[in-house]
Amino acid sequence: MSNLTFLAVSGSLRRTSHNTGLLRAVRNLAPAGVTIDLYEGLGSLPFFDQDLESGPEPATVADLRRRVREADGIIIATPEYNSAIPGVLVNALDWLSRPTDQPVLGVKPAAVLGASPSQFGTARGQLVLRQILHRMHVPVVAHPEVTVFQSHRRFDTNGCFLGDEVTEGLLSTLLAELVILAGRAHPAGVV
Ligand SMILES: Cc1cc2nc3c(=O)[nH]c(=O)nc-3n(C[C@H](O)[C@H](O)[C@H](O)COP(=O)(O)O)c2cc1C
């Protein structure tokens, strides 16, 4: 398989975010031929407003869409907020779901994961994220489901993953499954 690039999006704006740290850990585990590009512009996107669609495309939205178009797939690590996902992440997905006749993300495969200090490790939030991606016709890696629970024990105060064999094994498998899905992804988003 030729080289692949995945765009990694963290649903957290927090400076020492566990989810952003998780994506850095995924990047460190990437095998040869796989590049992980960390997107850091989530907080700069304007709130989605349908009226904006009739004007010039906001520069930050154009940048996100270009980076998704140029990637072979995306990896989303999300916190769980109120049993769902953060508004900033929903906002980005709303932008990527448009225009409906040419949705940017609908043709790209995705992998999802998340970290939370709770016992459930974003299990509920990831269900919400999967439902949104399903609506957008995004093919999503089904297994493994990577829910990094008790994240306060697994990250240092700078948001760096401390590393453990089980979690690293899951992250590597998730990435391997995304590589397989990217190889199979059809331009219409059908696998
Ligand atoms: C508004 C808000 C709502 C939250 N709701 C949940 C929740 O429903 N379930 C959960 O496990 N953690 C919840 N948390 C705690 C987050 O999981 C925790 O802050 C986590 O570290 C955020 O991810 P980050 O480290 O990547 O920023 C919530 C935090 C905030 C700020």
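Which residue in E3 does Leu7 stand opposite? In this predicted model, Leu7 stands opposite Ile74.

Strand E1 spans residues 4-10. Of its 7 residues, 6 are buried, which leaves the strand mostly covered.

E1 pairs with two strands. Strand E3, residues 73-77, runs parallel to E1, and 5 bridges link the two. The Leu7 and Ile74 pair belongs to this side. Strand E2, residues 34-39, is also parallel to E1, joined to it by 6 bridges. Here Ala8 has Leu38 as its bridge partner.

## The crossover

Helix H1 covers residues 18-29.

## The ligand site

The ligand is surrounded by 14 residues. The closest are Ser12, Arg14, Ser17, Asn19 and Ser116. By class, the shell holds 8 polar, 3 charged and 3 nonpolar residues.

For the side chain of Ser17, the distance from a ligand oxygen to an N or O atom is 2.6 Å. For the side chain of Ser12, the corresponding distance is 2.7 Å. Of the 620 Å² that the ligand exposes when taken alone, the protein buries 71%.

Methods. Residues numbered from 1 in each chain as written. Predicted model: local features only at pLDDT ≥ 70, side-chain atom pairs only at ≥ 80, totals over all residues. Heavy atoms only, no water. Buried < 20%, exposed > 50% of the residue type's maximum accessible area, 1.4 Å probe, protein only. Helix = DSSP H or I, 4+ residues; strand = E, 2+ residues; numbered from the N terminus. Pairing = 2+ DSSP bridges. Right-handed = clockwise from strand over helix to strand, strands pointing away. Near = heavy atom within 4 Å. Polar contact = N/O pair within 3.5 Å; in protein donor to acceptor, adjacent residues only side chain to side chain. Areas by Shrake-Rupley, 256 points an atom, 1.4 Å probe, with all protein chains shown as cover. Nonpolar A, V, L, I, M, F, W, Y, C, P; charged D, E, K, R; others polar.
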